[in-house]
Amino acid sequence: MYWKPEIEILPQPQLHVLQAQRLQDTLGRAANSPFYGEQFRRHGIGPEIIKSVDDIRRLPFTTKEDLRNNFPYGFLTVPKQGAVRLHCSSGTTGNPTVIFHDNHDLSSWADLVARSLYCAGLRDTDVFQNICGYGLFTGGLGFQYGAERLGALVIPAAAGNTRRQIKLMQDFGTTAVHTIPSYLFRLHSAFKEMGLDPRKDTSLKLFVIGAEPHTDEQRRRIEELFGVRAFNSYGLSEMNGPGVAFECEYQNGLHVWEDAFLTEIIDPDTLQPVPDGEEGELVFTTLDRHAMPLLRYRTRDLTRFLSGDCPCGRTHRRLDRISGRTDDMFIIKGCNVFPMQIEKVLMRYTEVSTDYLIELETVDGNDEITVKVELQKEWFTGNIEALEKLSRRIAHEVRDEILVSPNVRLVEPGSLPKTEGKAVRVIDSRIP
Amino acid sequence: MIAHQVSIFLENKPGRLEKVTAVLKATGINIRAMTLSTSSSGWGILNLLVDHPDTACQKLSQAGHPAVLREIVVVSMQDRAGALHDMLGLLAQAGLNIQNAYGTVLGDNKEAILIIDVENAEHVQKIFESAGVQTLPAEDVYRI
């Protein structure tokens with residue numbers, strides 16, 4: 001049932017005791033880093049101020065800016081020689097953010113990922129194909145070590161070369177795949193082009209999807225296309241990577257591993273905790289990381305806690321699917337828009353693919369929003385009226401959703417720019 | 001046998017049409033006639049009358065283009081004033097809407113043909129036949 005029952009079904013009051021202990025230890029270690037050492041001295045902070053988990057609120061927040069400004073070693077609690085691995089963001093503007101791990105951290109991370117995968121149903125009898133970038137991106141090595149720890153046979157397939165991915169699946173009888181959701185649609189087209197039906201011609205039974213915002217509709221469509229259950233994975237490189245929160249067999253939200261991550265949800269404006277069940281910004285404090293602990297790290301991800309106990313018996317609270325980020329929201333004609341809202345509308349149309357691009361431009365002094373979406377090859381009949389009607393219907397529904405009328409432009413399949421890892425969804429070239 | 005044209009979805013962007021003609025050139029497809037209908041929202045449909053529509057459609061599809069075969073009716077017209085008008089009159093009487101139509105003049109400049117894209121090609125063909133208008137069978141169309 002559980003990978004680590006003594007932790008996974010620990011009642012909340014006891015979990016709080018464990019969290020308070022670990023928080024104290026974490027503060028003790030954090031004080032050794034140049035950044036926190038200086039901050040603690042300035043604010044008179046030390047492990048002794050933590051009597052219970054609620055005392056977390058006495059600590060300042062840490063932001064991505066802090067990580068950038070103290071690049072590369074400002075958060076290290078150990079001499080550089082003590083760290084054994086780093087992962088860093090792909091940022092091309094300014095300093096990237098870098099996270100260091102020592103051997104304890106890597107082992108603890110692998111165990112969290114193993115726990116997550118076990119929670120979704122992966123077992124040591126499975127063949128796990130990890131279709132994502134290895135290297136600096138945490139999804140590759142993170143899932144690799146986690147699935148190995150669990151005992152599955154892991155194929156480090158990495159990203160790309162769709163036909164080869166399919167061949168690997170067939171040669172080794174892959175039962176489980178981790179990848180980003182948008183790739184699964186491409187994979188499915190490749191199956192079709194090869195005259196194969198993944199429902200019949202593979203042994204697939206489990207998908208782990210994450211690293212890219214997606215809707216529940218998208219997940220259901222993936223499940224239908226492949227006849228496979230797909231589980232939502234949540235993580236971020238600042239919190240190791242994958243293995244922060246994961247769905248269990250009930251697919252009703254993501255259990256956040258509270259023994260490893262002290263989790264808060266705050267109002268991003270007032271910085272105060274939101275009432276339970278309300279949406280806000282996720283804030284994490286690492287509770288089991290030695291080389292580079294982070295305290296009250298602001299993720300910019302928006303979500304809420306789901307109430308009630310999960311039938312799976314795990315006591316770790318559940319997070320709702322990430323609804324957006326505090327920073328992918330854009331404002332057009334006075335309306336706040338999340339790309340996810342537009343994606344939700346597009347998901348209702350089988351005539352178009354899930355790749356889309358939102359372009360914001362200034363035309364004759366007016367801000368305009370254009371949604372580019374790829375026409376699915378098989379829906380084309382040569383009828384110009386049908387296509388015009390389709391664009392109009394989509395435009396109308398998007399307008400209902402975001403309150404701004406978009407231009408909807410159908411484009412040729414495969415013509416939208418694809419990016420490795422996370423897809424770029426919004427291009428803003430407006431004149432401010 | 002009903003004749004077919006190849007209809008291709010295209011973005012209205014520099015170089016897109018050329019991508020299509022490149023595929024046709026590489027496959028040795030000969031274009032007899034063409035039209036391009038564009039919508040106001042940045043895309044269009046290219047209609048091609050070619051010598052081997054099946055092959056053309058298949059190759060274009062393999063190259064990633066949304067391409068389909070659409071039924072057409074091809075009529076040969078006498079080169080005289082009013083010929084087109086008389087023929088369209090037949091369709092109007094029958095209440096049939098033309099999605100697209102384009103014409104081309106044959107090699108000897110004596111005869112013109114009209115290619116008509118309508119929803120029910122077979123029905124239209126019958127209307128023409130009963131009115132004594134000559135329609136071209138598919139094999140003749142591809143051999144033009």
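## Basis of the model

The model is predicted: local features need pLDDT of at least 70, side-chain atom pairs count only at pLDDT 80 or more, and totals for chains, interfaces and linings use all residues. Residues are numbered from 1 along each chain as its sequence is written, while chains are lettered from A and ligands numbered from 1 in the order in which they are written.

## Strand 12 of chain A

A residue is buried if 20 or more other C-beta atoms, placed from the backbone, lie within 10 Å of its own. Strands (E, at least two residues) and helices (H or I, at least four) are DSSP runs numbered from the N terminus.

Strand 12 of chain A pairs with strand 11 (residues 280–286) of chain A in the antiparallel sense over 4 bridges; pairing requires at least two DSSP bridges between two strands. Here A:Gly280 stands opposite A:Thr303.

## Strand 1 of chain B

In chain B, 8 of the 9 residues of strand 1 (residues 3–11) are buried, so this strand is largely enclosed by the rest of the structure. Strand 1 of chain B pairs in the antiparallel sense with strand 4 (residues 67–78) over 6 bridges, and B:Ala3 stands opposite B:Ile72.

## Contact between the chains

In chain A, 19 residues are in contact with 16 residues of chain B, contact meaning C-beta atoms, placed from the backbone, within 7 Å. Strand 20 of chain A gives the most to the side of chain A that touches chain B, with 5 residues.

How values were computed:
Two residues are in contact if their C-beta atoms, placed from the backbone, lie within 7 Å. A residue is buried if 20 or more other C-beta atoms lie within 10 Å of its own, exposed if 12 or fewer, and partly exposed in between; C-beta atoms are placed from the backbone.
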